[in-house]
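This report goes through a single protein chain, from its overall build to individual residues. Please keep the sequence and the coordinates at hand while reading.

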Amino acid sequence: DNSTLTHLSLVGNNVGPVGAGALARILSDNFTLTHLSLYHSNIGPDGAIALAGMLSDNSTLTHLSLVGNNVGPVGAGALARILSDNFTLTHLSLYHSNIGPDGAIALAGMLSDNSTLTH
């Protein structure tokens with residue numbers, strides 16, 4: 001039960017979907033981490049789905065960067081569904097994540113419900 005860590009960067013580490021799932025399980029009950037950076041960590045759609053599930057429970061994470069993770073439309077859709085009801089996250093980075101038109105449409109639809117996401 002870490003009560004001091006506020007920023008975690010695992011940039012460029014091959015975390016993969018299994019590692020993202022493990023992080024998601026731990027972060028569901030974490031009340032101090034505000035920034036999570038997983039740039040180029042190979043989490044894929046399954047990792048994005050796991051992290052989306054975490055966002056339904058976590059009330060402190062404000063910044064999530066999944067740049068270059070090939071989350072695809074499925075991962076983007078999972079994030080969009082959760083972010084419609086998440087009012088904590090203010091920054092989401094998904095560039096170079098291959099979300100495609102379907103992922104973009106899902107995220108655009110989420111923006112009509114989410115009033116806290118600013119970046």
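Contact here means heavy atoms within 4.5 Å. In that sense, Pro73, Ala76, Gly77, Ala80 and Leu83 of helix H3 meet Asp102, Gly103, Ala106, Leu107 and Met110 of helix H4. The residues of this contact divide into seven nonpolar, two polar and one charged. The model is a predicted one.

## Overall build

The secondary structure of the protein chain comes to four helices and four strands. Along the sequence these elements follow the pattern β-α-β-α-β-α-β-α. The radius of gyration is 13 Å, close to the 14 Å that the globule rule gives for 119 residues, so the protein chain is as compact as a globular protein of that length. Along its principal axes, the C-alpha trace spans about 40 × 30 × 20 Å.

Of the 119 residues in the protein chain, 45% are buried. Among contacts between residues at least 6 apart in sequence, 86% join residues at least 24 apart.

## Helix H1 with helix H2

Two packed helices are described by the angle between their axes and the distance between the axes. Helix H1 covers residues 16-27 and helix H2 covers residues 44-55; their axes come within 8 Å and cross at roughly 5 degrees. Angles under 35 degrees count as roughly parallel, and H1 and H2 are therefore roughly parallel to each other.

On the H1 side the contact involves Pro17, Ala20, Gly21, Ala24 and Leu27, which meet Asp46, Gly47, Ala50, Leu51 and Met54 in H2. By class, the residues of the contact of H1 with H2 divide into seven nonpolar, two polar and one charged.

Asp46, one of the H2 residues in this contact, is exposed, with a relative accessible area of 55%. In sequence Asp46 and Arg81 are 35 residues apart, and their C-alpha atoms are 15 Å apart in space.

## Helix H2 with helix H3

The axes of H2 and H3 come within 8 Å and cross at roughly 5 degrees. H2 and H3 are therefore roughly parallel to each other.

From H2, the residues Pro45, Ala48, Ile49, Ala52, Gly53 and Leu55 meet Val74, Gly75, Ala78, Leu79, Ile82 and Leu83 in H3. The contact of H2 with H3 divides into 10 nonpolar residues, two polar and no charged.

## Helix H3 with helix H4

What angle do the axes of H3 and H4 make where they cross? The axes of H3 and H4 cross at roughly 5 degrees and come within 8 Å. That makes H3 roughly parallel to H4.

Leu107, one of the H4 residues that meet H3, lies in the helix that runs over residues 100-111. Is Leu107 buried or exposed? A relative accessible area of 13% is under the 20% limit for buried residues, so Leu107 is buried. Leaving aside neighbours within four places in sequence, Leu107 is in contact with Ala76, Ala80, Leu94 and Ile99. Ala80 is 27 residues from Leu107 in sequence, but the two are 5.0 Å apart in space, C-alpha to C-alpha.

## Two loop asparagines with positive phi

Asn70 is found in the loop between strand S3 (63-65) and helix H3 (72-83). Although Asn70 is not a glycine, it has a positive phi of about 50 degrees. Its relative accessibility is 43%, and Asn70 counts as partly exposed.

Asn98 is placed in the loop between strand S4 (91-93) and H4. Asn98 also has a positive phi, of about 55 degrees, and is not a glycine. At 54% relative accessibility, Asn98 counts as exposed, because exposed means over 50%.

Notes: Residues are numbered from 1 along each chain as its sequence is written. This is a predicted model: local features need pLDDT of at least 70, side-chain atom pairs count only at pLDDT 80 or more; totals for chains, interfaces and linings use all residues. Side-chain values use heavy atoms; hydrogens and water are left out. Axes are lines fitted to C-alpha atoms, for helices over the stretch in contact, and angles run from 0 to 180 degrees between N-to-C directions. Angles under 35 degrees count as roughly parallel, over 145 as roughly antiparallel, 65 to 115 as roughly perpendicular and the rest as oblique. Ala, Val, Leu, Ile, Met, Phe, Trp, Tyr, Cys and Pro count as nonpolar, Asp, Glu, Lys and Arg as charged, and the others, Gly among them, as polar. The radius of gyration is taken over C-alpha atoms; the globule rule is 2.2 Å times the number of residues to the power 0.38. Buried means under 20% relative accessible area, exposed over 50%, partly exposed in between (1.4 Å probe, protein chains only).
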